Amino acid sequence: MKGARRPEVRLPALEPFGGGELEPDGDYDGLEFRDADFAGQDGGGARFMDCALTGCALDETRLHHARILDSVLTGARGVGTDLAECTLRDVEVVDARLGGAQLHGAVLERVVIRGGKIDYLNLRAARLKDVVFENIVLVEPDFGGAVLERVEFVDCVLKEADLTGAVLKDVDLRGAAELGIARGAERLAGAVVSMAQLMDLAPVLAVEMGIRVE
C-alpha cells in the first residue's frame, strides 16, 4: 500500500485582491482573496496560482475548467459551486462548508481536504491521485466512474458513498471513523479496510454478491 504524497504549499507574500467580479479565463497570481462574495459569478477557465482564498462565498459560482495550483482555500462556503473539469494540484482545502459541489471530470493531484463538511460532493469520472480526506464529513459523495490512486481517508466520516464503476488503487480506508457504502461496494478491490470495517460492510457485500444470509 503506497501512501498519498501530500502537498507542500509555501505561499509567497500575497497582494490583496483588488475587488470586483471574477472574470472568465482570468489569471490570478499571488493574490489573497479574503471574505469575498463570489456568489453567482463566472470564473470559468480561470487560473489561480499561489493564492489564498479565505472565508469566500461560492454559492452557484462557476469555476468550470478552472486551474487552482499551489493554493490554500480556507473556510470556503456555498451551495452548487461548479468546479466541473477543473484541475487542483498542490492544494489545501481547509474547513469547507459546501453543498452540491460539482467536481465531475475534475483532476485532483496532491490535494488535502481537511475539516468541515461537504454534502453531495460530485466527483463522477474524476481522477484523484495523492489525495487525503482528513477529519471531514462527506455526506453521499459520488465517486461513480472515478479513478482513485493513493487516496487516504483519515478520521473522516463517509455516509452513503457511491462507488459505482469506480477504479481504486492503493486507497486506504482504514482511518475512516465511519464508512458507509450505498452503491458499488464490489469496486472496493484495490482498497484496504480494517477488520471492523469489513464486518460492517458484510451486509452490503453480501447483497452485491447475491449472497442470501438467513
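Which residues form a positive surface patch? Select Lys2, Arg127, Lys129 and Lys169, which together make up this patch; patch members have over 30% relative accessible area and no salt bridge, with like charges joined within 9 Å, a salt bridge being a side-chain nitrogen of Lys or Arg within 4 Å of a carboxyl oxygen of Asp or Glu.

The model is predicted, so that local features need pLDDT of at least 70 and side-chain atom pairs count only at pLDDT 80 or more, while totals for chains, interfaces and linings use all residues. Residues are numbered from 1 along each chain as its sequence is written, and side-chain values use heavy atoms, with hydrogens and water left out.

Stay on Lys129, which lies in strand β10 (residues 127–134), strands being DSSP runs of E with at least two residues. Lys129 is partly exposed, at a relative accessible area of 32%, where buried means under 20%, exposed over 50% and partly exposed in between, with a 1.4 Å probe and protein chains only.

Next, select the cysteines: the count is 0 disulfides, a disulfide being a pair of cysteine sulfur atoms within 2.5 Å. For Cys86, the nearest cysteine sulfur is that of Cys51, 15 Å away, and Cys86 is buried at 1% relative accessibility. For Cys156, the nearest cysteine sulfur is that of Cys86, 20 Å away, and Cys156 is buried with a relative accessible area of 0%.

Finish with the backbone. Most residues other than glycine have a negative phi. Asp90, in strand β8 (residues 87–99), has a positive phi of about 55° and is buried at 13%. Asp170, in strand β14 (residues 167–175), has a positive phi of about 55° and is buried at 16% relative accessibility.

Definitions and conventions: Patches are made of residues with over 30% relative accessible area and no salt bridge: like charges are joined within 9 Å, nonpolar side chains (Val, Leu, Ile, Met, Phe, Trp, Tyr) within 5 Å. Accessible areas come from the Shrake-Rupley method with a 1.4 Å probe; for residues, only the protein chains shown count as cover. Lys and Arg count as positive and Asp and Glu as negative; His and the chain ends are not counted. The place of a charge is taken as NZ of Lys, CZ of Arg, CG of Asp or CD of Glu. Helices (H or I, at least four residues) and strands (E, at least two) are DSSP runs, numbered from the N terminus.
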